[in-house]
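Let's take a walk through this protein together. Have the sequence and the 3D view open as you read.

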Amino acid sequence: MFTVQTAIWLIFLILFPTVWPILSAACLLSIAGSIIIIRFYPLRQAVDSRIDDKAFTPTLLIANETLPYLRRGLNEETARKIAEIIQKISDVSAVAITDREKVLAFLGTGCENHPVGRPIVTRATFEVILTGQLKVVQNNSEFNCLVNNCNCPLESAVIAPLICKGQVVGTLKLYQTRQGHIPNYVVKLAAGIAQLLGMQMELAELDRQSRLLTEAQLDALQAQINPHFLFNTLNTINMFIRTKPETARKLLIRLASFFRYSLNREGRFITLKEELKYIQNYIVLEKARFGKKLRVSRNIDKSLLEYSIPVLTVQPLVENAIRHGITPKEGRGTVQISACLQGDEIEISVVDDGIGIHPEIMPKIFQPGFGSGCGVGLSNVHERLKILFGEEHGLHVESEFGNGTKVWFRVPFSSVMIREEIT
């Protein structure tokens, strides 16, 4: 390059001596530009590489260490663990994690002004939750804090949305105590961590749903092919073979239908009519054993029979009422199954007048594995309902010790149809 430029410069100098100063200047500038590009371009690449590495490496470390905690869901306990990991690995003044309404974790400078469990107080955070877009705050006033006369040392921040299944479920905030421009690697770090946390939450949720579905299938089979239930039913049928052979034949048909349903069942939803038919087979078999001790009544809105509900949500409640409410009771007991429309939701309840639940036991009924079959069934139904329709749609239990128990849940009317179409 230098040889060619020198030759051109000499030719024009000889042919056009009057313009040589201009051409000389142009050639010199060209040479200088080439030297600068050749000398500093690799350096620029190295600088960019260092910036990317500065954000990329901590992001991977944070993602690796936070995954075990995110498998438990996003709450105050897991958020604090995640914030501790981020603060340890990254170089920021403070770290905060929120859900859509309140602070789940805050570590570092200014933590005394942002107590855990309190509502979010900055409009900047609400803006990120509303828009789902990352926001960079370069001075204290841009936080738009709702707290007056607060001597907060935090001056700037990157606020990134935490997105799970397309919905903003919270925010991640990396703070600094100085105003002005936030380094590019900090912005990239916040965006990268938030994106990976969101992906991890989705994977954890999918893993949880898959696990619960598997547990539901196993639990259903265990409940339906329960050795005690099968032994008691066969023993009852055997008793009727000599005295009432026709009754024995009908019970065998019911038992076959009961197990056929469990073996042929597919999908996560069935109609309320199908669930009630399955329950009827179970009740007939149980009444054959208990005789007049067990009475079952129904109060079903017939207009709801063709609507879909999650499979095996009502039968475990009926079984639980009979086994743990009516069976231990002296004398006759009644179980009532009801289904009605409450606003835009279908409410289904199972009420018994059995022995009720002792106050000491009540807090444990949703713990997996608690009790002799009771805890597993109730906890499984409870968790599946929450996953399908939201936290507020789990099981509700009301019980008075010695006077019976009511277990009920509600299924969103529109969600039932939408989810059934997807299935």
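## About the model

This is a predicted model, in which local features need pLDDT of at least 70, side-chain atom pairs count only at pLDDT 80 or more, and totals for chains, interfaces and linings use all residues. Residues are numbered from 1 along each chain as its sequence is written, and side-chain values use heavy atoms, leaving out hydrogens and water.

## The sheet

Five strands form an open sheet in the order β2-β1-β5-β4-β3, with antiparallel pairing. Strands here are DSSP runs of E with at least two residues, helices are runs of H or I with at least four, and both are numbered from the N terminus; two strands pair if DSSP finds at least two bridges between them. At the edges, β2 (103-108) and β3 (135-137) each pair on one side only.

Strand β1 (residues 94-98) is joined to β2 by 5 antiparallel bridges, and Ala94 sits opposite Gly108 in β2.

## The nonpolar cores

A nonpolar core is a set of buried (under 20% relative accessible area, 1.4 Å probe, protein chains only) Ala, Val, Leu, Ile, Met, Phe, Trp, Tyr and Cys residues joined through side-chain atoms within 4.5 Å. The largest one has 49 residues, and Val314, Ile337 and Phe409 are among those with the most contacts inside it. Helix α8 (residues 272-290) gives the most to this core, with 9 residues.

A second, separate core has 26 residues, including Leu162, Cys164, Val186 and Met201.

Technical notes
Buried means under 20% relative accessible area, exposed over 50%, partly exposed in between (1.4 Å probe, protein chains only).
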